[in-house]
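I opened this entry to record what I looked up, one item at a time. The notes follow the order in which I checked things.

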Amino acid sequence: MVISEKEALKAYRTATTAELTALARRVTESVHGTGVWVRGLIEFSNKCRRNCLYCGIRRDYPAVSRYAMTEGGIIEVMSRSRALGIESFVLQSGELDPKGTAGLLKLVGAIRSKWPDTALTLSCGTLSRSEYAELKAAGADRYLLRFETSDPILYSRLRNRASLARRLRAVADLKELGYQMGSGFMVGLPGETRKTRLDNALLCKSLELDMVGLGPFIPHPGTPLASAAVASLEFTERITALVRLLLPFAHMPATTASGSLDALGRERMISAGANVLMLNITPMVFRRDYLLYPGKICLQEGWPDFLDNLSGRMKPLGRSLRFGRGDCLDPARGTVEGGS
Ligand code: SAH
Ligand code: SF4
């Protein structure tokens, strides 16, 4: 079941949150079935060359100790996760400098030769087109690069004078290079309006994204946005539902930020159209230094019972964890999974 853009926008404007999310759920289950794809997330380095105003690992924040996991450490955590059935991994970090990119290139090559079939997603910030091309050639499959907000003035203010056009150029580069492409935004950034939120969803649609990650903004006490308001989870649910209606084939994670804002936040995102869960498999020793925002749930989620925990959380929703690469669906080929 897929509905038109006009119908989606009408539902967003007029339906209650319960009605809107129920509609999004029906669309999700008809296209993706009841499975929820599991991805293993490794936050492999918190070194960052940027100074985004919202982020708890921004370059100028002195209260985190900077780390970069070794290649051996990353391979080890992936081996342990593969033994639990995880076959899709996301490697995330602060925005890399050229030395960091060279290390990542070597790492991607090593992972690809060890596990030719595993799905490998990178999320390491805005890089040059040639760097993206090299990483793709080394074996990366997918990339996550949120545009954060569709308002260019807000973007520039919050990302310390960086340009939205440059970020969107990077998204276009990645798509042209053949990556399965994920982008998205934060909900409730200070300065965001109702129109910005709607434009964010429409931008996801016009970029024809394969994956959309969106989550609530949570102010970090050590950043210039410390006193900003926390985002509304209901706004997050509503916009998740709209993106799902606009992009029925996209993979959409129930983000950690939503689970950090509310004990049932991830469940609410699944109920509003998300179909992916990212499990944080970063070794505990590093997690305290990768707090983009406070209250991040991963500090409580231990190894290895987190899978049982998440599986138990999906049951009451009539959903179950699904393991495998979970490649993007191709609407052009009419690929439909699961049915309903
Ligand atoms: N450095 C890379 C990837 C790591 S940051 C990049 O910036 O693209 C991953 C995501 O965390 C960002 O895209 C942003 O949307 C989110 N994030 C950062 N600070 C946040 C905060 N205070 N609240 C909620 N999400 C935040
Ligand atoms: Fe760096 Fe990403 Fe945080 Fe910006 S959001 S400071 S690029 S880690």
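This is a predicted model: local features need pLDDT of at least 70, side-chain atom pairs count only at pLDDT 80 or more; totals for chains, interfaces and linings use all residues.

I then traced the chain between them.

Which other strands pair with β1? I found strand β7, residues 276-280, paired with β1 in the parallel sense over 5 bridges. Here V38 stands opposite L277 in β7. I also found strand β8, residues 320-322, which runs parallel to β1 and is joined to it by 3 bridges. For W37, I noted R322 as the bridge partner in β8.

I looked up V31 next. It is found in helix α2, residues 17-32. Is V31 buried or exposed? Its relative accessible area is 3%, and buried means under 20%, so V31 is buried. I also took a distance: V31 and E5 are 26 residues apart in sequence and 16 Å apart in space, C-alpha to C-alpha.

T196 was the next stop. I placed it in helix α8, residues 194-206. At 6% relative accessibility, T196 also counts as buried, because that value falls under the 20% cut-off. For a distance here I used G178, which is 18 residues from T196 along the chain. Their C-alpha atoms are separated by 29 Å.

**Ligand 2**

Last, I turned to ligand 2. Where does ligand 2 sit? I found it in the largest cavity.

I listed the residues that surround ligand 2: C48, R50, C52, Y54, C55, I57, R58, G94 and R159. I then sorted this shell by residue class. It divides into 5 nonpolar, 1 polar and 3 charged. Among the names in the shell I marked the arginines R50, R58 and R159, and the cysteines C48, C52 and C55.

Terms used
Residues are numbered from 1 along each chain as its sequence is written. Chains are lettered from A and ligands numbered from 1 in the order in which they are written. Side-chain values use heavy atoms; hydrogens and water are left out. A residue is near a molecule or strand if one of its heavy atoms lies within 4 Å of it. On a 1 Å grid over the protein atoms alone, a cavity is a set of points where a 1.4 Å probe fits but cannot get out, and a pocket is an open set with protein on both sides within 12 Å along at least five of seven lines; lining residues have an atom within 4 Å of a point. A molecule sits in a cavity or pocket if more than half of its atoms lie within 2 Å of its grid points. Ala, Val, Leu, Ile, Met, Phe, Trp, Tyr, Cys and Pro count as nonpolar, Asp, Glu, Lys and Arg as charged, and the others, Gly among them, as polar. Two strands pair if DSSP finds at least two bridges between them. Helices (H or I, at least four residues) and strands (E, at least two) are DSSP runs, numbered from the N terminus. Buried means under 20% relative accessible area, exposed over 50%, partly exposed in between (1.4 Å probe, protein chains only).
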